[in-house]
Amino acid sequence: MNLLNISGSPHVHSDESTKKIMWRVNLALVPALLVAIAYFGLNALLVSLIAVASCVLFQWLIEKYILKVPTTIGDGSAVITGLLLAFNVPSTVDMMWIVVIGALVAMGIGKMAFGGLGKNPFNPALVGRVFLLISFPVQMTTWPVVDGIFPMNFDVATGATPLGAFKEGALPADVTLWDAFLGHVGGSLGEVSALAILLGACYLLWKRVITWHIPVAFIGTALVFSAILWLVNPEQYMDPLMTIFTGGIMLGACFMATDMVTSPMAKSGQLLFGFGCGLLTIIIRNWGAYPEGVSFAILLMNSVTPLINRWCKPARFAN
């Protein structure tokens, strides 16, 4: 009897390869990385290098000595996980060893425990980030202050992010919408510049690596619900555009929620997935214990992706 072996997702009907797609995503993350280095200096580069090297190393070790399968580190997926993990942590000096732990959790538990690329139900970088946030809350919420362009010092001052400051009382008067859009605010590496993230997202849309459905549904839902809250009480709730441009909404909507493996296949399912991510983000931000909610929202929606796929089935290739 002949058996038909089917590889793990993503399943795409085109001449693209997984390797091409992964490296295009890495390329799309370069603008955000450059902005992070420009604002946070060499610390940002060091955190990113440690995260990427750790993810690649742990994947190679697990594949070679535990799973005993051919190594796949050349496909670029471990590099993506490393960059996204780095983008979700502060660039402070004491984060270096913590990043290695996060990489081990992301690769060992979030990805390779399920069999590797295409089999993981949750975004690995977010698994690592949430583990670090719960295990090291002080280090994960100690944010460097942006002090000009290309700072050369490693011992930077720390302060609250716009979301954290608003959660505690009020947004600082010197933080403008333009600052938030360009990235001249405190925060993790990948959440500081909405412009840089949008540039990378446009490249992925142009190359058809992602579609507009999840990003638009995610950002649009967050914008609408935050606008409703702001209109009800502008003193208690943040301006809707500031809500979108601060924190991890842009990064999450464009680079993490759109993960082919952990998001729905059908377009209607992707719209529902993005809606859920946006709604949960606003709920957690405004009524949860954390000022940020993107990571938790995406992971929660990852968990219901199989149900969404059963409800919103993609069109058949043939009858």
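**Note on the predicted model**

1. Of the contacts in the protein with a separation of 6 or more, 75% are between residues 24 or more positions apart. The model is a predicted one.

2. The protein contains 16 helices and two strands. Of its 319 residues, 53% are buried.

3. Helix H14 spans residues 267-287 and helix H15 residues 294-303; their axes come within 8 Å and cross at roughly 140°. H14 is therefore oblique to H15, since the label roughly antiparallel is kept for angles over 145 degrees. The crossing of H14 past H15 is right-handed.

4. On the H14 side, the contact with H15 is made by Leu272, Phe273, Gly276, Cys277, Leu280, Thr281, Ile284 and Arg285. The H15 side contributes Val294, Phe296, Ala297, Ile298, Leu300, Met301 and Asn302. By class, the residues of this contact are 11 nonpolar, three polar and one charged.

5. Cys312 lies in the segment after helix H16, which covers 305-311. Its relative accessible area is 12%, so Cys312 counts as buried, the cut-off being under 20%.

6. Leaving aside residues up to four places away in sequence, Cys312 touches Ala266, Ser268 and Gly269. Pro264 is 48 residues from Cys312 along the chain, and the C-alpha atoms of the two are 8.3 Å apart.

Terms used: Residues numbered from 1 in each chain as written. Predicted model: local features only at pLDDT ≥ 70, side-chain atom pairs only at ≥ 80, totals over all residues. Heavy atoms only, no water. Axes fitted to C-alpha atoms, helices over the stretch in contact; angles between N-to-C directions. Helix = DSSP H or I, 4+ residues; strand = E, 2+ residues; numbered from the N terminus. Parallel < 35°, antiparallel > 145°, perpendicular 65-115°, else oblique. Left-handed = near helix turned anticlockwise from the far one by under 90°. Contact = heavy atoms within 4.5 Å. Nonpolar A, V, L, I, M, F, W, Y, C, P; charged D, E, K, R; others polar. Buried < 20%, exposed > 50% of the residue type's maximum accessible area, 1.4 Å probe, protein only.
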